[in-house]
Amino acid sequence: GYFGDRSTAHGAGSGFVSLTAGSVGGVSTTVQIARGFRDPVLSDRYFRGPSGRGFITGNPDLNPETSFQIDLGIRYTSARVRGATYVYQYRLDDLIERYATDTDFFFFRNRGRARLRGIEAELQATLGWGLSLETAFQSARGRALDDETSLDDVTPETFSAQLRKAFGMRGAFAQMRTAVFAEDTRPGPTERAVPGYILVDAGGGIMVFKELELRVSARNLLNARYFASQDLRTVAAPGRSVSVSAAVRLGRR
């Protein structure tokens, strides 16, 4: 290949320890401490050539990326309601980062130290009359500690809610989901700021008979305009769409 005959070998210890207290009144708390290890993949080190994102040159001298992370989770469970909140912080050393020097020319490097912090929350509730509700929220921040610049692949704040209704004895259901994505004002080194948007999806299904289930799914009902990702070369995401699928179960009686 471009870099000649090379071989690389790395090793490191990784693992975790966790402690859970509860459940008291349906509430339990978990604390976890972990050390992670990620070796660069072959393409990060040795690939050189065009890709969908531009012309990429690997770095055969990359060091492995390690992390030290602390997670805290609080969960509540009852007969009709289940909820959880998670808070985490990851400290990364020798962060493997893709960066650009000129338009469409990308390289890889170790970026010293970085920190990733975030919070996630979820709630599932049974409302009666065949109705159920699921909600989720997440927020994260990622920074390189040498110059406080933002990291790639850190999604902006998002909130989603899904309402589902079950019907009859044939497993029929209908559901609607709304997701709100905040404006991304902290793009990473190979990303761009993107505006926020709202997605509304709907779907349903029915068991026609034991071996056949039909489902219909409608995506982006509001035909919102948004980017498929934060990447500099990304394209617009799909607009309004509808799909119908059939699941057939085969088996011997």
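Analyst: The largest pocket holds about 480 Å³ of space, where a pocket is an open set of points on a 1 Å grid over the protein atoms alone, at which a 1.4 Å probe fits and which has protein on both sides within 12 Å along at least five of seven lines; grid points are joined across faces, edges and corners, and a volume is the space filled by probe spheres set on the points. This is a predicted model, in which local features need pLDDT of at least 70 and side-chain atom pairs count only at pLDDT 80 or more, while totals for chains, interfaces and linings use all residues. Residues are numbered from 1 along each chain as its sequence is written, and side-chain values use heavy atoms, with hydrogens and water left out.

The lining of the largest pocket comprises 21 residues, and those nearest its centre are Ile96, Glu97, Arg98, Asp152 and Asp153, a lining residue being one with an atom within 4 Å of a point. By class, eight of the lining residues are nonpolar, three polar and 10 charged; here Ala, Val, Leu, Ile, Met, Phe, Trp, Tyr, Cys and Pro count as nonpolar, Asp, Glu, Lys and Arg as charged, and the others, Gly among them, as polar. Strand 6 and strand 7 (96–102) each supply at least two residues of this lining, and the largest share, three residues, comes from strand 7; strands are DSSP runs of E, at least two residues long, numbered from the N terminus.

The second largest pocket contains about 240 Å³ of space, and of its 17 lining residues Gln175, Gly203, Val216, Ser217 and Arg219 lie nearest the centre. Two or more residues of that lining come from each of strand 11 (158–167), strand 12 (172–181), strand 13 (197–209), strand 14 (212–219) and strand 15, and the lining divides into five nonpolar, seven polar and five charged residues.

Of cavities, which are sets of points where the 1.4 Å probe fits but cannot get out, the count comes to one of 30 Å³ or more. The largest cavity has a volume of about 60 Å³, and its lining consists of Ala140, Arg141, Gly142, Ser150, Val154, Thr155, Pro156, Asp184 and Arg186, which divide into three nonpolar, three polar and three charged residues.

As for the strands, 11 of them form an open sheet in the order 1-2-5-6-9-10-11-12-13-14-15, with antiparallel pairing, and two strands pair if DSSP finds at least two bridges between them. Its edges are strand 1 (15–24) and strand 15 (241–248), each of which pairs on one side only. Strand 6 (residues 81–93), which contributes to the lining of the largest pocket, is joined by 13 bridges to strand 9 (residues 113–128), and within this pair alanine 84 stands opposite glutamate 122.

Serine 28, placed in strand 2, is buried, with a relative accessible area of 14%, buried meaning under 20% with a 1.4 Å probe and protein chains only. Leaving aside neighbours within four places in sequence, serine 28 is in contact (heavy atoms within 4.5 Å) with Thr20, Ala21, Gly22, Ser23, Gly73, Ile74 and Arg75.

Key. Helices (H or I, at least four residues) and strands (E, at least two) are DSSP runs, numbered from the N terminus. Buried means under 20% relative accessible area, exposed over 50%, partly exposed in between (1.4 Å probe, protein chains only).
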